[in-house]
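The report that follows is meant to be read beside the sequence and the model. It begins with a pair of packed elements, widens to the chain as a whole, and then turns to single residues.

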Amino acid sequence: MPSPWPAVLPAVPGAPGSWTPTADASSVAVPNVTEAAEPAAFEREYPTAALALAAAPPAKRSDRRRLLTLIGVMGFIAACGVAVLAFFGFSGGWTALVVGVGSAVIPVPLLVFCFLWLDRYEPEPVKYLVFVFGWGACVATGVALVVNTTGSVLAERAGLSDSLVAVLLAPLIEESMKALGPILLFWRRPRAYSGLIDGIVYCGLSATGFAMVENILYLGFKGYGDTANESGPAQGAVALIAIFVVRILMTGFAHPLFTSMTGIGLGVASRTSTRSVRFLAPIAGMLVAMMLHGAWNLMSVTATTSAWVLLYGYFAVMMPIFLAMVGFALWLRSNEGRLTERVLTEYAHAGWFSPPEVAALATLGRRLSARRWAKRVAGDAGAKAMKAFQFDATRLALLRDGMRRGLDSEPNRRMETLAEERQLLNALAAYRQVFVGRDPQAPRAVWDGQRYHITFPDGMVRVLDAPPTPVVPVPVVLGPPQPVPVYAANPYPYR
């Protein structure tokens, strides 16, 4: 089977950020033109795969201010988490706390895995994911606990129903606090957001952390603890199971679903250059989240008089919204692959990618096949390099798409974007050298942005147009693979 990858690095002189696409290869018919030698590639050789991988990582930044900020933020989140757990333990008993924690964490790995699976095309930094999850679990729950408890006390003193707190106050404070962490991340690290999926992932993880701690309260204290104190541990276990079925198995998606509306707003804001949209989109998303949350709480309160209201609301309202959101998220996920293929085609016409490389990034199935191929021809280092290549290629496509949309109109941000583009191109070139040119079933081929320069078994180099199917043409079976030079493109100066 012929390799889906070019035999050597495609390289032509150019300046990322300032080039214009050349004519499409299909418009220039030059069949079987023979030349004496392949074109110069302007490349640097890495003797080993380890050196190529070492050349790819970006320079790490560390300074005292960033370190102190990180320590302060994480310390604040940890303090809020300790305060919440201490409040639960001293007010409801440590046995109920242990039972609540043990049962509340059961769905968390599944929910976290779903969000990480959704973000496979361009995974976000772990530190950001941990931040938003910790914010939802510690800060959002701590503030919501104080405000909701205070609201209940004030409502009781005023002779009002506690249901008003559940329907009006709780959605307002809980959705705003769950969203505040991702909003702060968007404000301080706007490049952490590259689209709607990122917004959904960040807000969904914040809501997952919030739901985990809230479930500790309902499962451990209101479920097991209160019932065990009144009727014994056996009845407490029955109440625990009943609440687990309702809050975990049936409605465990509720908090992530509500807060994902804010995530959509943040995602829209991250892909527009219009200031009013950047400001209003997250607010609109948060309002929708509050309305959904309030409507769900209203149905839950009404269910005390008629269970049919809750069943109708669950199956006729919440489940369709949930399924629609799942379908929308899956569409967004596949759209990132299509966007990557569409945008990187411009780079292929400029010689930075070959057509097979771009085509292999379009779907997760193709990416998995490319990783298997890289592992076959270059071992574990090849699989690791291919995975990094795919992630950085997606980042490059999203970066270029943002430049199209005018997200980098300010001079300083424009220079940062161009520098990041150059860094990504250099990293991609280094990753490529780990697995390129090592497949004995593919001839040596150089892509110049328009055509292939193929070295045939007779030693002659022939120029061929790219075929309709993006594979390296004229596959031949070679003997045992010989050591071949591996290359990485030199960075070209910006104009």
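## Helix 7 against helix 9

In this predicted model, helix 7 and helix 9 cross in a right-handed sense. The residues that make this contact are Leu196, Gly199, Ile200, Cys203, Gly204, Ala207, Thr208, Phe210, Ala211 and Glu214 on the side of helix 7, and His255, Pro256, Thr259, Ser260, Thr262, Gly263, Ile264, Leu266, Gly267 and Val268 on the side of helix 9. Sorted by class, the residues of this contact comprise 10 nonpolar, 9 polar and 1 charged.

As for the geometry, helix 7 spans residues 196–231 and helix 9 spans residues 254–270, and their axes come within 7 Å of each other while crossing at roughly 150°. Because an angle over 145 degrees is counted in that class, helix 7 is described as roughly antiparallel to helix 9.

## The chain as a whole

The chain has 495 residues, of which 47% are buried, and its secondary structure consists of 14 helices and 6 strands.

## Helix 6 and its two partners

Helix 6, which runs over residues 163–188, packs with helix 10, residues 275–302, at an angle of about 145°, and the axes of the two are 8 Å apart. The crossing of helix 6 with helix 10 is right-handed, and the residues of this contact fall into 13 nonpolar, 5 polar and 4 charged.

Helix 6 also packs with helix 5, residues 126–157, at an angle of about 155° and with the axes 8 Å apart, an arrangement that makes helix 5 roughly antiparallel to helix 6. Here too the crossing is right-handed, and the contact of helix 5 with helix 6 is made up of 19 nonpolar, 4 polar and 2 charged residues.

Valine 301 belongs to helix 10 and has a relative accessible area of 24%, so valine 301 is classed as partly exposed. Apart from its neighbours within four places in sequence, valine 301 is in contact with Ser163, Ala166 and Val167. The C-alpha atoms of valine 301 and aspartate 162 are 9.9 Å apart in space, whereas the two residues are 139 residues apart in sequence.

## Valine 343 in helix 11

Helix 11 covers residues 307–349 and includes valine 343. At 0% relative accessibility, valine 343 counts as buried. When residues up to four places away in sequence are not counted, valine 343 touches Ala397, Arg400, Asp401 and Arg404.

## Cysteines and disulfides

A disulfide is a covalent bond between the sulfur atoms of two cysteines. How many disulfides does a search of the whole structure find? The search of the whole structure returns 0 disulfides, the criterion being a pair of cysteine sulfur atoms within 2.5 Å.

Cysteine 114 is partly exposed, with a relative accessibility of 38%, whereas cysteine 203 is buried, with a relative accessible area of 0%. The latter, Cys203, is one of the residues of helix 7 that take part in the contact with helix 9.

Methods. Residues are numbered from 1 along each chain as its sequence is written. This is a predicted model: local features need pLDDT of at least 70, side-chain atom pairs count only at pLDDT 80 or more; totals for chains, interfaces and linings use all residues. Side-chain values use heavy atoms; hydrogens and water are left out. Buried means under 20% relative accessible area, exposed over 50%, partly exposed in between (1.4 Å probe, protein chains only). Axes are lines fitted to C-alpha atoms, for helices over the stretch in contact, and angles run from 0 to 180 degrees between N-to-C directions. Helices (H or I, at least four residues) and strands (E, at least two) are DSSP runs, numbered from the N terminus. Angles under 35 degrees count as roughly parallel, over 145 as roughly antiparallel, 65 to 115 as roughly perpendicular and the rest as oblique. A crossing is left-handed if the near helix is turned anticlockwise from the far one by less than a right angle, and right-handed if clockwise. Contact means heavy atoms within 4.5 Å. Ala, Val, Leu, Ile, Met, Phe, Trp, Tyr, Cys and Pro count as nonpolar, Asp, Glu, Lys and Arg as charged, and the others, Gly among them, as polar.
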